[in-house]
Amino acid sequence: MAEWSRVAQSDVEERERRGGGAASRDIAGALGARNVALRVWRYGPGHAMAYHRHADQEEVYHLVSGGPQEVLVEGEVVTVEDGDWLWFPTGTARRIQNNSDREAVWLTLGAPPGAGITDGIRIDPETGEVIPRT
């Protein structure tokens, strides 16, 4: 018999980023997925993720609601509308940034899951240099 799982989004704990800001639900973890990372993110007005790239993981972002929103990609601001999808190959620097007055909901999908958060490499958006982990 095939292995599969189901979870209600409301049953998955929503966690705020350390230091505050955007919050997410680890849907892939709750489902027991082993080869993909999947999160639903909630970005309030003024929230932004760290400008970063990944060493091993490619990602797909989907703006569910709250558009238009902005994503900083390789130093260029890209406007994203509800329903739009973005794909980022390994090594592409990006940041979701909510400069609007409304909440935005994003779905992010990454594969392979890699080393989790430590696969992300933070980048200084002004200089393009790597910010060492502390």
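A residue counts as partly exposed when its relative accessible area lies between the limit for buried, under 20%, and the limit for exposed, over 50%. These terms are used in the legends below, which describe close-up views of a predicted model.

**Figure 1**
Six strands make up an open sheet: the 6 strands follow the order β1-β2-β3-β10-β5-β8, and their pairing is antiparallel. Strand β1 (14-16) and strand β8 (85-88) are the edge strands; each has a single partner strand, so one side of each lacks a neighbour in the sheet. On average, neighbouring strands of this sheet are turned by 25° against each other, direction ignored. As a rule for reading the views that follow, side chains in a regular strand alternate between the two faces of the sheet.

**Figure 1. Strand β10 and its two partners.**
Strand β10 (residues 104-111) is joined to strand β5 (residues 58-65) by 7 bridges, and the two run antiparallel. Within this pairing, Y61 stands opposite T108 in β10, and H62 stands opposite L107 in β10. Strand β3 (residues 37-43) is also joined to β10 by 7 bridges, again with an antiparallel course. In that pairing, Y43 stands opposite A104 in β10.

**Figure 2. The aromatic pair of W41 and Y43.**
How many aromatic pairs does a search of the whole structure find? The search finds 3 aromatic pairs. W41 and Y43 form a tilted pair, with 5.8 Å from centre to centre and 35° between the planes. Both W41 and Y43 are buried.

**Figure 3. The aromatic pair of Y61 and W106.**
A pair of aromatic rings is described by the distance of the centres and the angle of the planes. The ring centres of Y61 and W106 are 6.3 Å apart and the planes stand at 75°, so this pair is edge-to-face; the cut-off for that class is an angle over 60 degrees. Because Y61 belongs to strand β5 and W106 to strand β10, the pair ties together parts that are 45 residues apart in sequence. Y61 is buried, and W106 is buried as well. Together with F88, the residues Y61 and W106 form one aromatic cluster.

**Figure 4. The salt bridge of E14 and R25.**
Side chains of opposite charge can pair when their charged atoms come close. The structure holds 8 salt bridges. One of them joins E14 to R25, with the closest N and O atoms 3.8 Å apart. This pair links distant parts of the chain, since E14 lies in strand β1 and R25 in strand β2 (residues 23-26), 11 residues apart.

**Figure 5. The salt bridge of R39 and D26.**
The side chains of R39 and D26 meet in a salt bridge with an N to O distance of 4.0 Å. The pair links distant parts of the chain: R39 is in strand β3 and D26 in strand β2, 13 residues apart. R39 has a relative accessible area of 30% and is therefore partly exposed. D26 also counts as partly exposed, because its relative accessibility is 30%.

R42 forms a salt bridge with E103, and the closest N and O atoms are 3.0 Å apart. Distant parts of the chain are linked here: R42 lies in strand β3, while E103 lies in the loop between β9 (94-97) and β10, 61 residues apart. R42 counts as partly exposed at 30% relative accessibility, and E103 counts as partly exposed at 37%. Which residues are linked with R42 and E103 in a network of salt bridges? E14 and R25 are linked with R42 and E103 in this network.

**Figure 6. The surroundings of H54.**
H54 is found in strand β4 (residues 52-54). With a relative accessibility of 8%, H54 counts as buried. The side chain of H54 is joined to the side chain of H52 by a polar contact of 3.3 Å. A polar contact of 3.4 Å links the side chain of H54 with the side chain of E59.

Conventions:
Residues numbered from 1 in each chain as written. Predicted model: local features only at pLDDT ≥ 70, side-chain atom pairs only at ≥ 80, totals over all residues. Heavy atoms only, no water. Pairing = 2+ DSSP bridges. Helix = DSSP H or I, 4+ residues; strand = E, 2+ residues; numbered from the N terminus. Axes fitted to C-alpha atoms, helices over the stretch in contact; angles between N-to-C directions. Phe/Tyr/Trp six-rings, centres within 6.5 Å; stacked < 30°, edge-to-face > 60°. Buried < 20%, exposed > 50% of the residue type's maximum accessible area, 1.4 Å probe, protein only. Polar contact = N/O pair within 3.5 Å; in protein donor to acceptor, adjacent residues only side chain to side chain.
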